[in-house]
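Welcome, and please have a look at the model below.

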Amino acid sequence: MAAVEAGPVPATSAPEDAARDAPEAAGAGPEAPLLPAGNRLSLHLYPGGCRRLLRLCAQQAPQLLEVDFLQLSGHEDPQLLEAALAQLRWSLPHLRSLVLKGGQRRDALGACLQGSLTTLPASLSGLAHLAHLDLSFNSLETLPACVPQMCGLDALLLSRNCLSELPAALGALPSLTFLAVTHNRLRTLPPALGALSSLQRLDLSGNLLEALPPEIGGLGSLAELNLASNRLQSLPGSFAGLRALRLCILHSNLLASVPASLARLPLLTRLDLRDNQLRDVPPELLDAPFVRLQGNPLGRPPPDPPSPPGTPMVPEMPRLLLTSDLDSFAVTPQGCSVTLACGVRLQFPAGATAAPVTIRYRLWLPEPRLVPLGPHDALLSGVLELQPHGVAFQQEVGLWLLFVPPRARRFREVVVRTLSDDSWSDLETHLEEEAPQVGAARAVWEGPALLRPAGPNRVLLRPRQRLWAHCQVPHFSWFLVVSRPVSDACLVPPEGALLCSSGHAGVRVTFPAGATEEPRHVRMQVVHVGRRELPALLGEPEAAASPLLCLSQSGPSSFLRPVTVQLPLPPGITGLSLDRSCLHLLHRAAPAATWDDITAQVALELTHLYARFQVTRFSWYWLWYTTKTCVGGLARKAWERLRLHRVNLIALQRRRDPEQVLLQCLPRNKVDATLRRLLERYRGPEPSDTVEMFEGEKFFAAFERGIDIDADRPDCVEGRVCFVFYSHLKNLKEVYVTTALDRRARAVRGQVSFYRGEVPEVVPEEAEAARQKRGTAALWMATLPIKLPRLRGCEGPAQGAGLSLAPLNLGDAETGFLTQSNLLNVARRLGPDWPAVALHLGLPYRELQRIRHEFRDDLDGQIRHMLFSWAERQAGQLGAVGRLVQALEQSDRRDVAEEVQAVLELGRRKYQEGLQHTSLAPRNLASPDRSPSPSLEPAQTETPDFGLDPEAPAFKSSLRVNKVTPPPV
């Protein structure tokens, strides 16, 4: 990239040619010139943002002199980006924050793409006021030479680039307080890094560091240090010089020892040493409450004695512990063992990859488009996505997925299902459980132990044990755990074969010689049918049915010679005494999904216990014994009943906060136990009548009669909460409700109704839904009352109207931001639980006593003062929102924690799609005394004040926002 050193009119070069041609190229856009609104210029949301900037610079608009924040996309054309950056020194002389991030675009698999930025023009060093520079998610291999010359730089973000080293000149930045170089390729650090006397936060996680320079102890102002997911084997003794250190993250390294001086750092409040190789630690650290040591081999004997001289030493496999449900990690040819935040484990053997590979993962909430289930399958886990998809490993990778133990285990099996070559298949799966720990100083997980079978297709389960489904995977894709009927398969050669069911000894299929010309795979599934199901449906006590048989095969749809199928006769029926006119062989036709009686079309051979018949095509087969004559429609109903689950719907309100409503769909046999557990904190009406639902069926809850949802949620469409029913997973959601009616005059008596299917445009009225209840295709399932009590005293919307709190943005770019409005709503929901939350946030007990004394008669004032005083101290610190969510969960307020997480997720989505909140506006805006045209309303929408944080998202997100349809997932 050519360096531009001339004045406001630089010499002509290739970038300047691009700058000269840019206004002409931008002529296809709006004719009205675009001007920055305020002091922010966000062009990363627009295609061709560099062209727009060059056009503004060519016009020499005076508003550019006021701009102090600029964001461009790293995916722009490199020449246009170079030309635009070359103009900044003269066109935006007061620029304080420059963001040139990539990652806004995604590939076909949904992974973020890195930007094309590889260097910066030398003229940027002349930006005398620049304090914040973000170059994350780009393709930098070396740090641009102009960066160490930016003497006023306060924050430098270089995460997710390709940097293999940092220059020594970086130590010449006297004002730098924040440096982030995460997920790069750093192997060493320059000693000059210790000269950054003002540095307060340093994040070097996700690199390849094997050692630290002793000069790192010179960072006397360093308060937060993150070195997670590296290859550190020891720490220098100079660590004792970090007297200002409060947070030190060292998990997922290879540390075999740590200095005892870490316990004597006066301000240290958290030391994370999880997942290292520590077999012994100093007593001062072992007993310290701020130290985390999970995942270390504490108390275990040392490894085997060293090999004879000359024998190459094999290093112990690295172990990683990740703490986010959406993250990535690097795998080297050395291999590693990885534990994800959701409990999933991965074992990469040595040599699985020939070169370092970055693995990305994400845990998806189950929904029908991601969960392929057979007619009689049940989902037992969430959906795990591992990327890159389709990349083959040189050795198979071990995968352990946590799952919910199935309630029915007879004649069923647990398997891992994955997507391979555009089709779903089941992997060979072994069930394992967590091994108990005995005699360890702290509970450390050694790994899963194989479960011992307790009978045919059954597993002996101890209470409260954690179960894994273990399989070997040759490549990455989507993975989930399902319970299915026992499946048997074989490869049928031209010479013939015999396939028997392992769950039902009497079910077998005989393939004669010549049935196929080429070998083909054949699969058999047998579904057990209870003895009471069919008599109850037909109203005939003597009716009975055999197991339900499903046969499938690869290759041509039919066999060359008839195949003999053997089914056991229905229970209680023998071949010597049955009435052949009552015996019906049913066949399910796949395209029409109907059941046909084919008894007259086949020759049934009966023995004392079995019935045999011959077919040339495979499908579903069922043997019935009944006096009914037309059984096709009855078979369809019986087949559906086998797949239905009987459930009850509940709607409870929290006793301390009636505006918090818990909605849950429960299996009928779990209702009583669940209500006994919940009624200590909740109250509400009796559960609904029993309804029947299919596995994976969608339904939604709609609040009616003056009650509405008091939050914008990702799972909320037009004010209706969406559900997907899975029989083994928790179908539970907690929402906050509100009303537009006046609660100071009287209580509001509303209701919540549950409907089947997708959310329609219009929810039927309750009266009409009740009339449809008797119909077979009724959408309405249940209606339960909801009552918001009358407000008394100073409660209600006017509460806190006179507050005067300083605006703030709690959080960071990685986890999201919470505004003042968010915190006010969190404070309103805490109630008497606030002291527990405060203690888990780290507030000393003396401060709680002081707050209680100062606000003796004002509970809301106590909560607000605690929460906002803590938030002000956390301003600008990484992980503040995560600490708040964790404190809420530890205080048994998971409902508020989930609401905060939903707000953060919704905010991120709105920001990505919030073009209406951009900081550009047409010049010919309507004057204040004129009504703006409808097309200009988004440009005149008031945008909130986000302070000086350049990473604050340009959207307004709170626990109480106007109803906006969230984008589809």
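Here is a short report on these two topics.

## About the model

This is a predicted model, in which local features need pLDDT of at least 70, side-chain atom pairs count only at pLDDT 80 or more, and totals for chains, interfaces and linings use all residues. Residues are numbered from 1 along each chain as its sequence is written, and side-chain values use heavy atoms, with hydrogens and water left out.

Let us begin with β42 (residues 660-667); strands here are DSSP runs (E, at least two residues), numbered from the N terminus. Eight of its eight residues are buried, so β42 is largely enclosed by the rest of the structure; buried means under 20% relative accessible area (1.4 Å probe, protein chains only). Gln660, Leu662, Gln664 and Leu666 point one way, while Val661, Leu663, Cys665 and Pro667 point the other. In a regular strand the side chains alternate between the two faces of the sheet.

β42 pairs with β41 (residues 644-654) in the antiparallel sense over seven bridges, where pairing requires at least two DSSP bridges between the strands. A hairpin of five residues joins β41 to β42, and Asn648 has Leu666 as its bridge partner in β42. β42 also pairs with β49 (residues 731-739), antiparallel over six bridges; there, Val735 is the bridge partner of Val661.

## Ser688

Now to the loop between β43 (682-683) and β44 (691-694), where Ser688 lies. Ser688 is buried, with a relative accessible area of 8%.

Beyond its neighbours within four places in sequence, Ser688 is in contact (heavy atoms within 4.5 Å) with Asn648, Leu649, Ala782 and Leu784. The Ser688 side chain reaches the backbone nitrogen of Leu649 at 2.9 Å.

How values were computed
Helix = DSSP H or I, 4+ residues; strand = E, 2+ residues; numbered from the N terminus. Buried < 20%, exposed > 50% of the residue type's maximum accessible area, 1.4 Å probe, protein only. Polar contact = N/O pair within 3.5 Å; in protein donor to acceptor, adjacent residues only side chain to side chain.
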